[in-house]
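Dear colleague,

I am passing on the structure we spoke about, together with some notes on how its parts are arranged.

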Amino acid sequence: MKQAFKYRVYPTKTEEQWLFSELRHQKQLQNYMLQMRSQMWAYGSVSVSMYDQINHLKKLRESNTHYSKHPQDMQVSTIKRVNAAHEHFQRRCKEGAEKKGYPRYKSSVRSLTWELRKYKVKNERVRQNPIRETGKRHNMLKVPKLGEVKIRQHRPLIGDPKEVTLKKTARGWYCFIVCEVPDTMPCIPKSACGVDVGTHDFLTTSTGEKVPNPRFYRQAEHKLVKLHRDLSRKQYRSKRWYKAKDALAKQADIVACQRLDFIAKTAYKLFHHNGFDAVVAEKLKPSNMVKNRYLAKSISDASWGMFFDWCDWVAKRDGKHFHQVPPHHTSQTCSECCQKSKTKLKLSQRVFHCKSCGLKLDRDHNAAINILNRAACVLRGEVWNTILYETRNQLLQLACWG
Ligand SMILES: [Zn+2]
């Protein structure tokens, strides 16, 4: 299993200049390699493979100092990136997708990637460690051809480092170190919970706990509106325009980071603090739901898709279970007698009232129990099926008594 570790990088001014020039070079190389592919195809239907391009790069490096002064590992990674984009394009063509999406020429790239090479230590091939520990506040990241750059290593690396990416964001430089981590065996679950996500509360579990929706975008909206207005009043591509653009990008980055932090922590807490071994959620399609123009902003702000991805990832990493079930009619059905009510609940109606058995329950809580029930039906034959049924029966008793 692969796991990425993200650290803040603090380059000096000269180092930053070098990094910017490197970004420009990688962009040119990427466009050049893409052009080569498309022109060869246009002239004689010749397809160029990744290895052809790597060999071509070798010849270029021998004859031209413009290429040889830049790190080879980064150039190879750029060629691999072009190849990956092409492979995705070919896959979409085969699938007969409506938008084929031929790889585009880039006006800028924001990240530098390089693979770590293996070298021999006592008859064993080991990858080099990209970080040198100094024993002080900052450690040093080894960058090919540049030297060492300060990083703040707030937590240790785990596993075998394979690849490093340096990325420029609106608020500074970051490095991502991808490591190969040993797989965790999935545990035998002892407790399960259903999760209903919404815009009113971010999530409600089948035990009735709620996590309020932080609405980071809504909170920062007035700031963003002001910054957008400032930008639109500046002369296009003037110094002040670039300044305003940076300020806007920084604020947008803050919102994105807040959201990521909240979602990652919520997913972790669900498995570890609440102690659930299996979590079940709906299989929503936020891209379709966003088409509702009254709710689009709130749905995008909640970013459920990202939350489900994180739940899946945390479950895989820590040996837990995460499953998604079809979402149809979970909020209309009674969790006790399974009767579906004929009318659809409005978003403002927060309490579900069953007409056949008289159950009165919070609408999200009711939906969360339904999701858990559905998982128990869908996953017949799975090991943790009985756990789901047990949890469901306990919840039904709770619903009956209270
Ligand atoms: Zn009922």
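Strand β10 (residues 192–197) and strand β11 (residues 201–205) run antiparallel and are joined by 3 bridges, and the bridge partner of D196 in β11 is T204. Strands here are DSSP runs of E of at least two residues, helices are DSSP runs of H or I of at least four, both are numbered from the N terminus, and two strands pair if DSSP finds at least two bridges between them. Please bear in mind that this is a predicted model, in which local features need pLDDT of at least 70 and side-chain atom pairs count only at pLDDT 80 or more, while totals for chains, interfaces and linings use all residues. Residues are numbered from 1 along each chain as its sequence is written.

Both of these strands belong to an open sheet of 5 strands with mixed pairing, in the order β12-β11-β10-β13-β14. The edges are taken by β12 (210–212) and β14 (321–325), each of which has a single partner strand, so that one side of each is left without a neighbour in the sheet. Direction ignored, neighbouring strands of this sheet are turned by 20° against each other on average.

Helix α9 lies across β10, β13 (278–282) and β14, and runs at about 145° to β14. For all such angles, axes are lines fitted to C-alpha atoms, for helices over the stretch in contact, and the angles run from 0 to 180 degrees between N-to-C directions.

The crossing of α6 past α9 is right-handed, a term used if the near helix is turned clockwise from the far one by less than a right angle, with anticlockwise giving left-handed. Among the residues that make this contact are I263, Y268 and F271 of α6 and F307, W310 and V314 of α9, where contact requires C-beta atoms, placed from the backbone, to lie within 7 Å. By class, the contact of α6 with α9 has 12 nonpolar, 1 polar and 1 charged residues; here Ala, Val, Leu, Ile, Met, Phe, Trp, Tyr, Cys and Pro count as nonpolar, Asp, Glu, Lys and Arg as charged, and the others, Gly among them, as polar.

Helix α6 has a further partner in helix α5 (residues 216–233), with the axes 9 Å apart at an angle of about 170°, which makes α5 roughly antiparallel to α6. The residues in this contact include F216, L224 and L231 of α5 and W241, L248 and V255 of α6, and by class the contact has 12 nonpolar, 3 polar and 4 charged residues.

Elsewhere, helix α2 (residues 50–63) packs with helix α4 (residues 72–95) at an angle of about 150°, their axes being 10 Å apart, which makes α2 roughly antiparallel to α4. In this contact M50, Q53, I54, L57 and R61 of α2 meet Q72, Q75, V76, I79, K80 and N83 of α4, and these residues divide into 5 nonpolar, 4 polar and 2 charged.

Two loop residues may deserve a look. K122, in the loop between β3 and β4, has a positive phi of about 50° although it is not a glycine, and K122 counts as exposed because it has 5 C-beta neighbours inside 10 Å. S303, in the loop between α8 (296–302) and α9, likewise has a positive phi, of about 40°, without being a glycine, but S303 is buried, with 21 other C-beta atoms within 10 Å. The cut-offs are 20 or more other C-beta atoms within 10 Å for buried and 12 or fewer for exposed, with partly exposed in between, the C-beta atoms being placed from the backbone.

W114, found in strand β2 (residues 111–115), is also buried, with 20 other C-beta atoms within 10 Å. Leaving aside neighbours within four places in sequence, W114 is in contact with P71, D73, M74, S77, P144 and V164.

For the protein as a whole, there are 11 helices and 16 strands, and buried residues make up 24% of the 402 residues.

Definitions and conventions: Contact = placed C-beta atoms within 7 Å. Parallel < 35°, antiparallel > 145°, perpendicular 65-115°, else oblique.
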